[in-house]
Amino acid sequence: GNGSMDWKAGEHTFMLLSYNLGNGCDEYYNWNFILTDNGISPWGWTQNALIQVDSKTRKMRYTAEYFAYKHFCHYVTPGTKVIGYSGREQAGTPVVVFKKGKQFVVTAGNFTDEEKNISVKIGNKFLDLKLKPHSFNTYVQ
């Protein structure tokens, strides 16, 4: 990132996570977990982080990228398998379907200015989703 640590950066990270996990990547690492102010790294490179700290007040905030990661990390645990991926990058709605034991976990993003209705086929059933504009979503079945 460029130090913006804004919602667009979070959407970009969610898209990257969806694309990489959906295409078989089994590890994903974030270079900077915590940076101060506008994201200047210790070597002087402006970047994004999952947590931003105000160097004057010492208050921290979780960035949108933190929440993008959380949608994958909280429910997608070791042993979970990717069983489906729709890289709707052009339409702004990536979807990844995971299987965890007998449970299904669906992550979906909507990075458009309009609400999106999509249907995800899981086996011989369908999960109908209503995604709010500019949102990260996780569903557990």
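Tutor: Two strands are said to pair if DSSP finds at least two bridges between them. Helices (H or I, at least four residues) and strands (E, at least two) are DSSP runs, numbered from the N terminus. The model is predicted: local features need pLDDT of at least 70 and side-chain atom pairs count only at pLDDT 80 or more, whereas totals for chains, interfaces and linings use all residues. Residues are numbered from 1 along each chain as its sequence is written, and side-chain values use heavy atoms, without hydrogens and water.

Student: What is the strand order of the open sheet of 4 strands, and what makes E4 and E9 its edge strands?

Tutor: The order is E4-E5-E6-E9, and the pairing is antiparallel. Strand E4 (81–86) and E9 are edges in that each pairs on one side only. On average, neighbouring strands of this sheet are turned by 15 degrees against each other, direction ignored.

Student: How do you know that E5 and strand E6 (residues 103–110) pair?

Tutor: DSSP assigns 6 bridges to them, in the antiparallel sense. The requirement is at least two, so E5 and E6 count as paired. Within this pairing, Val96 has Thr107 in E6 as its bridge partner.

Student: Which helices touch this sheet, and at what angles to E9?

Tutor: H1 packs on the sheet, touching E4, E5, E6 and E9, and its direction makes about 40 degrees with that of E9. H2 lies across E5, E6 and E9 and runs at about 20 degrees to E9. Contact here means heavy atoms within 4.5 Å. Axes are lines fitted to C-alpha atoms (for helices over the stretch in contact), with angles from 0 to 180 degrees between N-to-C directions.

Student: Why are H1 and H2 called roughly parallel to each other?

Tutor: They pack at an angle of about 25 degrees, with their axes 7 Å apart. Angles under 35 degrees count as roughly parallel, over 145 as roughly antiparallel, 65 to 115 as roughly perpendicular and the rest as oblique. H1 and H2 therefore fall in the roughly parallel class. The residues that meet include Trp7, Phe14 and Leu21 in H1, and Ala64, Tyr69 and Phe72 in H2.

Student: What is the handedness of the crossing in which H1 passes H2?

Tutor: The crossing is right-handed. A crossing has that name if the near helix is turned clockwise from the far one by less than a right angle, and is left-handed if anticlockwise.

Student: What makes a set of residues a nonpolar core, and how many residues has the largest one?

Tutor: A core is a set of buried Ala, Val, Leu, Ile, Met, Phe, Trp, Tyr and Cys residues joined through side-chain atoms within 4.5 Å. The largest has 15 residues, and those with the most contacts inside it are Phe14, Phe72, Phe98, Phe111 and Phe136. Two or more residues each come from helix H1 (7–22), strand E2 (51–53), helix H2 (64–73) and strand E5 (95–100). H1 gives the largest share, 4 residues. Apart from neighbours within four places in sequence, Phe136 is in contact with residues including Trp7, Phe14, Phe67 and Phe111.

Student: Why is Thr63 called buried?

Tutor: Its relative accessible area is 1%. Buried means under 20%, exposed over 50%, and partly exposed in between (1.4 Å probe, protein chains only). Thr63 therefore counts as buried. Thr63 lies in the loop between strand E3 (60–62) and H2. Beyond neighbours within four places in sequence, its contacts are Met5, Ala49, Leu50, Ile51 and Gln52.

Student: Which accessibility classes do Met5 and His134 belong to?

Tutor: Met5, in the segment before H1, has 2% relative accessibility and so counts as buried. His134, in the loop between E8 and strand E9 (135–140), has a relative accessible area of 25% and is therefore partly exposed.

Student: What makes the phi values of Met5 and His134 worth noting?

Tutor: Most residues other than glycine have a negative phi. Met5, not a glycine, has a positive phi of about 50 degrees, and phi of His134 is likewise positive, near 50 degrees.

Student: How do you know that strands E7 (residues 116–122) and E8 (residues 125–131) pair?

Tutor: They are joined by 7 bridges and run antiparallel, so they meet the bridge criterion. Lys116 stands opposite Leu131 in E8. The hairpin has 2 residues between the strands, and Gly123 takes a positive phi near 65 degrees.
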